[in-house]
Amino acid sequence: MSQSDSESSRVGLKLFFYIMNEWSQSKDAQAKLLGKKNLDELESLSRTESIEFTNDELVRISYIIRIYKYLRTIFTVENQANGWVNRRNKQFDNLTASEYMQNNGTEGIEYVCHHLCGHCQ
């Protein structure tokens, strides 16, 4: 991995953790959203200098960043945008968007992203 790839990965991870904090996601939820099997895998990311993501992790992070952006476009009030992922939604089988994404992995994150994209047009 080149130095610029490693730096991009660190920036992406920092943004991921920032969004997770804005959305008030637990460490367990963060691990599930990133596709990690347990909290130790998540914690090890913050301690390592050279981060190498799988393609699946990169896709998850990119969708989460887009979801964050779409929510900022749809809602003008920050609390509404950040709270949306924690509110139940009929579109997601009456789960919160966070629960839906955690339960359905990459496909669930993609679905939520496309759902929000449709509201931005």
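**Fold and aromatic contacts of the chain**

Contacts are a handy place to start: counting those with a separation of 6 or more, 55% in the chain come from residues 24 or more positions apart, where contact means heavy atoms within 4.5 Å. This is a predicted model, with local features needing pLDDT of at least 70 and side-chain atom pairs counted only at pLDDT 80 or more, while totals for chains, interfaces and linings use all residues. Residues are numbered from 1 along each chain as its sequence is written, and side-chain values use heavy atoms, with hydrogens and water left out.

As for the overall fold, the chain holds six helices and two strands, both taken as DSSP runs numbered from the N terminus (H or I and at least four residues for helices, E and at least two for strands). Along the sequence these elements come in the order α-α-α-α-α-β-β-α. The chain is as compact as a globular protein of its length, because its radius of gyration of 14 Å is close to the 14 Å that the globule rule gives for 121 residues. That radius is taken over C-alpha atoms, and the rule itself is 2.2 Å times the number of residues to the power 0.38. Along the principal axes, the C-alpha atoms fill a box of roughly 40 × 25 × 25 Å.

Now for the rings. Those of Phe, Tyr and Trp (its six-membered ring) pair if their centres lie within 6.5 Å, and planes under 30 degrees apart count as stacked, over 60 as edge-to-face and the rest as tilted. By this rule there are seven aromatic pairs. One of them is the tilted pair of W23 and Y68, at 6.5 Å centre to centre and 45° between the planes. W23 is in the loop between α1 (3–22) and α2 (27–34) and Y68 is in helix α4 (residues 55–74), so the pair ties together parts that are 45 residues apart in sequence. W23 is buried at 0% relative accessibility, and Y68 is buried too, with 14%.

Another pair, F92 with Y111, is edge-to-face, at 6.1 Å centre to centre and 80° between the planes. The pair links distant parts of the chain, 19 residues apart: F92 sits in the loop between β1 (88–89) and β2 (95–96), and Y111 in helix α6 (residues 97–119). F92 is buried at 0% relative accessible area, whereas Y111 is partly exposed at 34%. Ring pairs also join W84, F92, Y100 and Y111 into a cluster.

W84 turns up again among the contacts of N89, along with N94, L95 and H115, once neighbours within four places in sequence are set aside. N89 belongs to strand β1 and is buried, at 17% relative accessibility.

Note on methods:
Buried < 20%, exposed > 50% of the residue type's maximum accessible area, 1.4 Å probe, protein only.
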